[in-house]
Amino acid sequence: MIYTVTLNPSIDYIVEVEDFKINTVNRMEREAKYPGGKGINVSRVLNRIGVPTKALGFLGGFTGSFIKEALISEGIDTDFVTVEGDTRINIKLKALQETEINGNGPIISPNSLDTLQQKLDEMREGDYLVLAGSVPSTLPEQLYAFWTGVYGKKGIKVVVDARGKVLEEALKHRPFMVKPNHHELAELFNVSISSLQDIVFYGRKVVEMGAQNVIVSMAGEGALLITKNKVYKATVPNGEVVNSVGAGDSLVAGFTGTFSETDDIIKSFQFGVASGSATAFSSDLCTKEKIDSLLEQVRITEV
């Protein structure tokens with residue numbers, strides 16, 4: 001089973017305005033509402049590719065109810081902790097340019113955190129745990145690091161998709177996989193990255209810091225998979241990018257879900273990149289059919 005944790009979920013409210021102008025009334029061309037948050041996105045994609053998953057985290061208020069009901073309607077197993085306060089709404093305004101307005105989310109009490117911890121303690125050896133997204137300011141910054149250490153020792157493969165100090169601390173406990181993009185990789189080391197060689201160099205440093213596997217996504221330039229002894233590069237398929245939300249989460253889902261069933265890291269990398277591309281080419285998260293249609297275009301070579 002692959003468990004995902006989303007500490008600060010959201011309703012992603014997508015608003016499209018053809019010619020947005022400030023200081024006046026604008027009319028929407030289209031709108032859509034989706035259950036959001038990086039871990040939730042991972043569970044949604046895992047469900048679409050037929051891999052068992054359970055989504056955990058914190059939900060509250062009418063917005064939390066919307067997210068829970070939406071996930072259940074998709075057939076996703078959920079076990080969220082109910083908290084006081086409303087789950088946030090994140091607005092994605094798509095006009096000539098794309099603008100995001102993200103909410104803060106509710107305060108998480110120590111009791112709520114303890115309840116989530118009890119749910120996570122039910123995991124067993126051989127399970128996977130995906131820790132994705134930021135840690136709310138009301139929770140300990142080293143929470144991912146703590147969970148990576150505790151559950152890694154129990155034989156659970158922990159995937160961490162975070163940035164900055166949260167990622168740096170988690171690396172000390174040997175996560176199974178981390179997935180920074182090239183901007184987040186540069187941020188981690190406070191450097192400027194301008195070439196493939198730079199990405200390989202700093203990706204290897206992330207392995208030295210503790211990661212068992214590192215995937216660095218590079219948008220239209222593809223992705224790199226860096227292991228203890230090897231570096232692989234994946235090309236991206238041809239297609240029109242229409243959606244920037246959830247592509248990285250789809251890569252995590254495609255990779256983790258495939259590896260959980262095959263133990264084949266190359267096949268998992270290929271499927272993960274195809275999954276991320278399929279989401280980038282779709283208005284919502286990818287479908288299995290879309291992934292399969294792109295899979296053969298993803299070519300893996302050793303660097």
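Visitor: Which elements are included in what covers the buried residues of H5?

Guide: This is a predicted model, in which local features need pLDDT of at least 70, side-chain atom pairs count only at pLDDT 80 or more, and totals for chains, interfaces and linings use all residues. Residues are numbered from 1 along each chain as its sequence is written, and side-chain values use heavy atoms, with hydrogens and water left out. Helices (H or I, at least four residues) and strands (E, at least two) are DSSP runs numbered from the N terminus, and contact means heavy atoms within 4.5 Å. The cover of the buried residues of H5 includes helix H4 (143-152), strand S10 (157-161), S11, helix H6 (182-189) and helix H7 (196-209).

Visitor: Which residues of H5 are buried?

Guide: Buried means under 20% relative accessible area, exposed means over 50%, and partly exposed lies in between (1.4 Å probe, protein chains only). Six of the eight residues of H5 are buried, so the helix is largely enclosed by the rest of the structure. The buried residues of H5 are Gly164, Val166, Leu167, Glu169, Ala170 and Leu171.

Visitor: Which residue meets Glu169 in a salt bridge?

Guide: A salt bridge places a side-chain nitrogen of Lys or Arg within 4 Å of a carboxyl oxygen of Asp or Glu. At 2.8 Å, N to O, Glu16 pairs with Arg30, while at 3.1 Å, N to O, Glu169 pairs with Lys172.

Visitor: How many residues apart are Glu16 and Arg30?

Guide: The side chains of Glu16 and Arg30 meet in a salt bridge. This pair links distant parts of the chain, with Glu16 in strand S2 (residues 10-16) and Arg30 in strand S3 (residues 30-36), and the separation is 14 residues.

Visitor: What value is phi of Arg174 near?

Guide: Arg174 is found in the loop between helix H5 (164-171) and strand S11 (177-178). Its phi is positive, in a residue other than glycine, and is near 55°.

Visitor: Which elements do the buried residues of H1 pack against?

Guide: Eight of the eleven residues of H1 are buried, so this helix is largely enclosed by the rest of the structure. They are Gly39, Ile40, Asn41, Val42, Ser43, Arg44, Val45 and Leu46. The packing partners are strand S1 (2-6), S3, strand S4 (53-59), helix H2 (61-73), strand S9 (128-132) and H8.

Visitor: At roughly what angle do the axes of H1 and H8 cross?

Guide: Axes are lines fitted to C-alpha atoms, for helices over the stretch in contact, and angles run from 0 to 180 degrees between N-to-C directions. Angles under 35 degrees count as roughly parallel, over 145 as roughly antiparallel, 65 to 115 as roughly perpendicular and the rest as oblique. H1 and H8 are therefore oblique to each other. The axes of helix H1 (residues 38-48) and helix H8 (residues 247-262) come within 8 Å and cross at roughly 50°.

Visitor: Which residues of H1 and H8 make the contact?

Guide: H1 passes H8 in a right-handed crossing (right-handed if the near helix is turned clockwise from the far one by less than a right angle, left-handed if anticlockwise). The contact is made by Lys38, Asn41, Val42, Val45 and Leu46 of H1 and by Asp249, Ser250, Val252, Ala253 and Gly257 of H8.

Visitor: Is Asp249 buried or exposed?

Guide: The side chains of Asp249 and Lys38 meet in a salt bridge at 2.6 Å, N to O. The pair links H8 to H1 across 211 residues. Lys38 is partly exposed, with a relative accessible area of 29%, whereas Asp249, at 4% relative accessibility, counts as buried.

Visitor: How far apart are the axes of H8 and H9?

Guide: H8 and helix H9 (residues 265-280) pack at an angle of about 150°, with axes 7 Å apart. That makes H8 roughly antiparallel to H9, and their crossing is right-handed.
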